[in-house]
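Thank you all for making time this morning.

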Protein chains: 2
Amino acid sequence: MLTIGKLGTSTGVKVPTIRYYEQIGLLPEAERSAGNQRLYTHKAHERLAFIRHARELGFSLEAIRDLLSLSDDPDQPCAAADAIAKAQLAEVESRLARLTALKTELERMVVQCAGDRISDCRVIEVLGDHSLCVTNHPTMDDAGQGPARDV
Amino acid sequence: MLTIGKLGTSTGVKVPTIRYYEQIGLLPEAERSAGNQRLYTHKAHERLAFIRHARELGFSLEAIRDLLSLSDDPDQPCAAADAIAKAQLAEVESRLARLTALKTELERMVVQCAGDRISDCRVIEVLGDHSLCVTNHPTMDDAGQGPARDV
DNA sequence: TTACTTCCTCTAGCAGCTATAGGTTCAAGG
DNA sequence: CCTTGAACCTATAGCTGCTAGAGGAAGTAA
């Protein structure tokens, strides 16, 4: 039986995050010691490692919730898990494409900035006028509205 | 003079977002009509277009705030604006590297999933065990902690 | 026993919006 | 002129995925 601190260091998940996962029902409520402290089994450790790894791969907590409920039921067909992973892959690919376009644009901005006063600064100029862009980088409608996500 | 709705459609920024930008001081307080409705000048339109475009390129609101105060003062040297753009470029490049690693991993997961029961599912299996990964994809420590950002 | 660390709960905060409620103003049609 | 309906107003709460802080209890080593 691990304390929450040990579980945290052994999985690389911070203690408040573990409590948060319990709170939102991603982890079951932990057993408690006589003094009301959480105690974790090997199974809980595995489940948290799964969650952490999926987070690293960019899965949302909602997707992870689905994956966990699938893995709790090993006789189900695999198609649903596969679909979640494929959706995640598509998401990553589209993000890659957009980021690549942004990189091109930023490189152009930085390279072209030859003046030494703000009034001649390409960075400011390009940001003020989308028509100066070479790529068709994303608009707020298709890039900036979804739930914020890292990586 | 534009109403907030016209300004929104002409810049591609949603109305509540414009009000939010005013609230946090990114846009100055708008003039009001007799009936207390916001009215915008061409200058405000330019400023919002600038913000929107910078957001598309992934700049944080804080960075945009800095860029705006620079552009308000055109005699200043350009170095600060250049530095912000370069930092943004570095950020985008590191994000690209991480996303590429994730893509590799996800592709492997999806391709290898040959079983048709969850119990044989590579997706679930790989997520449960980081050592099955071929790339050194990011950990939560270097990828998942910063301020959430899209694109 | 004392000191120190780790744990507990609870609440509030972060970015960057989005949504809802409950009301006012404006423009067009009859 | 009056009505309808869209667009506006303010204020507040919610979203994701945590993180930080307060104020206190429990566990551990010397």
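**One chain, then two**

In chain A, residues 24 or more positions apart account for 51% of the contacts with a separation of 6 or more. Please keep in mind throughout that what you see is a predicted model.

Let me stay with chain A for a moment. Chain A has seven helices and three strands, and, read from the N terminus, its elements follow the order β-α-α-β-β-α-α-α-α-α. The radius of gyration of chain A is 22 Å, whereas the globule rule gives 15 Å for 151 residues, so chain A is more spread out than a compact globule. Along the principal axes, the C-alpha atoms of chain A fill a box of roughly 70 × 40 × 20 Å, and buried residues make up 32% of the 151 residues in this chain.

Now to the pair. How many residues of chain A are in contact with chain B? There are 65 residues of chain A in contact with 66 residues of chain B. On the side of chain A that touches chain B, at least two residues come from each of α3 (42–56), α4 (61–71), α5 (79–112), α6 (122–128) and α7 (140–143) of chain A, and α5(A) gives the most, with 20 residues. Sorted by class, that side of chain A has 30 nonpolar, 15 polar and 20 charged residues.

How are the two copies arranged? In general, two copies of a chain are related by a rotation about an axis and a shift along it. Here, a rotation of 180 degrees with 0.1 Å of shift along its axis superposes chain A on chain B, with an RMSD of 0.2 Å, and that is the relation of a two-fold axis. Moreover, 100% of the interface residues of chain A are also interface residues in chain B, so the copies meet through the same surface.

The largest nonpolar core holds 65 residues, and those that touch the most other members are A:A81, A:V123, B:A81 and B:V123. Two or more residues of this core come from each of α3, α4, α5 and α6 of chain A, and likewise from each of α3, α4 (61–71), α5 (79–112) and α6 (122–128) of chain B, while the largest share, nine residues, comes from α5(B). If we take B:V123 and leave out residues up to four places away in sequence, it touches A:A81, A:D82 and A:A85, and also B:M109 and B:C113.

Among the buried residues of α3(B) are B:A44, B:R47 and B:L48, and just after α3(B), B:G58 takes a positive phi of about 90 degrees.

Is B:L27 buried or exposed? With 20 other C-beta atoms within 10 Å, B:L27 is buried. Setting aside neighbours within four places in sequence, B:L27 is in contact with B:I18, B:Y21 and B:E22, as well as with B:A44, B:R47 and B:L48. By contrast, B:L27 and B:P77, 50 residues apart in sequence, are 23 Å apart in space, C-alpha to C-alpha.

Methods: Residues are numbered from 1 along each chain as its sequence is written. Chains are lettered from A and ligands numbered from 1 in the order in which they are written. This is a predicted model: local features need pLDDT of at least 70, side-chain atom pairs count only at pLDDT 80 or more; totals for chains, interfaces and linings use all residues. Two residues are in contact if their C-beta atoms, placed from the backbone, lie within 7 Å. Helices (H or I, at least four residues) and strands (E, at least two) are DSSP runs, numbered from the N terminus. Ala, Val, Leu, Ile, Met, Phe, Trp, Tyr, Cys and Pro count as nonpolar, Asp, Glu, Lys and Arg as charged, and the others, Gly among them, as polar. A residue is buried if 20 or more other C-beta atoms lie within 10 Å of its own, exposed if 12 or fewer, and partly exposed in between; C-beta atoms are placed from the backbone. Copies are superposed by least squares on the C-alpha atoms of residues with pLDDT of at least 70 in both. A nonpolar core is a set of buried Ala, Val, Leu, Ile, Met, Phe, Trp, Tyr and Cys residues joined through C-beta atoms within 7 Å. The radius of gyration is taken over C-alpha atoms; the globule rule is 2.2 Å times the number of residues to the power 0.38.
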